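Subject: Structure handover

Hello,

Here is the structure we spoke about. Please open it beside this email and follow along.

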Amino acid sequence: MSGQYRAVLLDIEGTTTSISFVKDVLFPFVRQQLREYLSSNWDSPELNDVLDGLRLQNETDIKDGETKETVLRNGTKEAEIESVISNVLWQMDNDRKTGSLKRLQGLIYRHAYAQGLLKGQYVCFENLKIQ
């Protein structure tokens with residue numbers, strides 16, 4: 001079987017890492033790093049794709065009466081960043097699982113792991129069967 005696989009994808013929560021790692025480490029990290037990440041990567045195509053998704057979700061949320069705040073599209077960079085931060089924190093506070101929120105969190109995590117700002121935990125739980 002050796003050599004047949006290039007990667008193994010694992011869900012970290014409760015598999016390789018305690019569930020509390022996400023709640024106690026990863027989510028607070030996003031809150032702390034959100035402004036810096038947005039400011040530093042504002043012009044990247046990857047982030048802009050995520051921002052487009054956040055704006056589309058925001059339009060739906062406004063139509064559905066979920067929120068009244070708008071994620072700005074044509075303001076100053078600073079005003080747009082503030083509106084994105086407000087929306088992301090609102091989504092996190094409401095434990096939303098929207099695709100664009102998860103993608104943004106993933107971008108922040110990827111950057112942090114690559115820079116050594118975050119380090120994972122590895123715990124092999126007894127109920128995990130490794131074959």
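This is a predicted model: local features need pLDDT of at least 70, side-chain atom pairs count only at pLDDT 80 or more; totals for chains, interfaces and linings use all residues.

Residues are numbered from 1 along each chain as its sequence is written, and side-chain values use heavy atoms, with hydrogens and water left out.

The fold

The protein has 4 helices and 0 strands, in the order α-α-α-α along the sequence. Here helices (H or I, at least four residues) and strands (E, at least two) are DSSP runs, numbered from the N terminus. Of the 131 residues, 31% are buried. Buried means under 20% relative accessible area, exposed means over 50%, and partly exposed is in between (1.4 Å probe, protein chains only). Among contacts (heavy atoms within 4.5 Å) with a separation of 6 or more, 63% are between residues 24 or more positions apart.

Helix 3

The 17 residues of helix 3 should span 24 Å at 1.5 Å a residue, and the end C-alpha atoms are 24 Å apart, which agrees. The expected span is 1.5 Å times one less than the number of residues. The buried residues of helix 3 include Ile81, Val84, Ile85 and Val88. What do the buried residues of helix 3 pack against? They pack against helix 1, helix 2 and helix 4 (99–115). After helix 3 comes Asp95, with a positive phi near 50°.

Salt bridges

Side chains of opposite charge can pair when their charged atoms come close. A salt bridge is counted when a side-chain nitrogen of Lys or Arg is within 4 Å of a carboxyl oxygen of Asp or Glu. By this rule there are 10 salt bridges.

One of them joins Arg31 and Asp93, at 2.4 Å from N to O. Arg31 is in helix 1 (residues 19–41) and Asp93 in helix 3 (residues 77–93), so this pair ties together parts that are 62 residues apart in sequence. Arg31 is partly exposed at 38%, while Asp93 is exposed at 55%.

Glu82 and Arg35 form another salt bridge, with their closest N and O atoms 2.2 Å apart. This pair also links distant parts of the chain, with Glu82 in helix 3 and Arg35 in helix 1, 47 residues apart. Glu82 is partly exposed at 41%, and Arg35 is partly exposed at 42%.

Arg55 and Asp52 pair at 3.8 Å, N to O. Both lie in helix 2 (residues 45–63), 3 residues apart, about one turn of the helix. Arg55 is buried at 6%, whereas Asp52 is partly exposed at 36%. Salt bridges with shared partners join Asp52, Arg55, Glu59, Arg73 and Glu80 into one network.

The largest pocket

The largest pocket has a volume of about 260 Å³. On a 1 Å grid over the protein atoms alone, a pocket is an open set of points where a 1.4 Å probe fits, with protein on both sides within 12 Å along at least five of seven lines; lining residues have an atom within 4 Å of a point. Grid points are joined across faces, edges and corners, and the volume is the space filled by probe spheres set on them. The lining has 11 residues, with Glu13, Val22, Phe27, Lys102 and Tyr109 nearest the centre. Helix 4 gives the most to this lining, with 4 residues.

Regards
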